[in-house]
Amino acid sequence: MAHRIVVASQKGGSGKTTVCLNLAVALAEGGRRTLVVDLDPQGGIGLSLARGETEWAGLAEHLMGQVTLEQALFKTKLPGLSLLPRGRLDPVDVPELAGALSSPGVLDGILEALDGKFEYLLLDTPGGVGTIARAALASGEFALVPVPAEPLGLRSLSQVMRVLEHVQANENPRLKLLGILPTMVELTKKVSLDVMEHLWSGFSAVLDTAIPRAEIFARASQEGLPLSFLGGHPPPEARRFALLAAEVEARVRQLSRQEGEGDEQPRRELV
C-alpha cells in the first residue's frame with residue numbers, strides 16, 4: 001500500500017508545490033515509485049513544469065468520466081515518477097472541482113485505485129485549508145507542512161495545526177503529522193533566524209532539513225524543471241531535497257512502527 005503524503009499549508013506562497021515536485025523527484029531518483037497528484041485548481045505542478053493550461057488531460061477529465069484513471073496518468077522521463085495532472089479546467093469551474101473532490105469517497109476511491117502501483121503518493125493541495133485540502137487530509141496518511149521562515153508564516157502555522165487536529169479527531173484517525181518543513185530560510189537575516197528559533201523551540205515536529213531562499217528556484221521555474229534537472233553544475237539546493245527524501249522516509253518508517261505497521265523480523269536463536 002502506498003504512503004499518502006499530503007503537502008498542505010495555511011497560506012499560499014510557502015513553496016508548497018516546489019517542495020512537492022522536488023521531493024517527488026528525489027524519491028524517484030532514490031528508486032521509489034512515486035506519483036504526484038495535483039489537487040490544486042491552479043494546476044501548480046503543470047505550471048511549475050511550464051506546461052500550458054490545456055496541454056494535459058488529468059484529474060478533471062477523469063472526474064467527468066472522459067478518461068480512465070490510467071489514461072489520466074502521465075509518466076515522466078524519470079523512471080518511477082508519474083504525475084496525475086489537474087487536467088483542463090476552466091477557472092469558472094473550480095467550485096465544481098472542489099465539490100467533486102470533497103464528495104464522500106471520491107478522492108479516497110481514486111487513491112485506493114493507485115495504491116498498488118506506487119510506493120509514495122504526494123498530494124499537492126491549494127494554499128489554505130479549504131474543502132480540497134480538507135478532503136486530501138481526510139484521505140491521507142501523513143501531512144507535510146511547509147512553513148516559510150517569515151513572521152506571517154509562523155503566525156499562521158497554528159491554524160493549519162488546528163485543522164490537522166480536527167481531521168485526526170473527527171475524520172481520519174490514521175492521519176499523522178509527518179513534519180513541519182521550514183522553507184525560504186535565510187539564516188543570515190535576523191527576521192528569518194528569529195522565526196527558525198521560534199519553530200525549533202515551540203514545535204517538536206520541525207524537520208532537520210530546511211529549504212533555503214535561493215535564486216536557483218526562480219531559474220528552475222523559468223526553465224520548467226526540477227532543481228536536479230537543470231544543466232550545469234548541480235545546485236547545492238538539489239541536495240537539500242535528497243536529504244529531505246531520506247528524512248521523510250525515515251519519519252515514515254518511524255511513525256509506521258509506532259502504529260504497528262513496521263517491518264517484522266523472524267525469531268532467531270543465538271545459541
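**Exercise 1.** Which residue forms a salt bridge with Glu150, and how far apart are the closest N and O atoms?

*Solution.* Start with the ground rules. This is a predicted model, where local features need pLDDT of at least 70, side-chain atom pairs count only at pLDDT 80 or more, and totals for chains, interfaces and linings use all residues. Residues are numbered from 1 along each chain as its sequence is written, and side-chain values use heavy atoms, with hydrogens and water left out.

Step 1. Apply the criterion: a side-chain nitrogen of Lys or Arg within 4 Å of a carboxyl oxygen of Asp or Glu. Arg213 meets it with Glu150, at 2.6 Å between the closest N and O atoms.

Step 2. Locate the pair. Arg213 sits in the loop between helix H9 (190-202) and helix H10 (216-223), and Glu150 in the loop between S6 and helix H8 (151-170). The two are 63 residues apart. Helices (H or I, at least four residues) and strands (E, at least two) are DSSP runs, numbered from the N terminus.

Step 3. Check accessibility. Buried means under 20% relative accessible area, exposed over 50%, partly exposed in between (1.4 Å probe, protein chains only). Arg213 is partly exposed at 40%. Glu150 is partly exposed at 26%.

**Exercise 2.** Give the strand order of the open sheet and identify its edges.

*Solution.* Step 1. Two strands pair if DSSP finds at least two bridges between them. The order of the seven strands is S3-S4-S2-S5-S1-S6-S7, with mixed pairing.

Step 1. Strand S3 (74-75) and strand S7 (176-183) each have a single partner strand, so one side of each is left without a neighbour in the sheet.

Step 2. Look inside the sheet. Strand S1 (residues 3-7) pairs with strand S5 (residues 120-124) in the parallel sense, over five bridges. Val7 has Asp124 as its bridge partner in S5.
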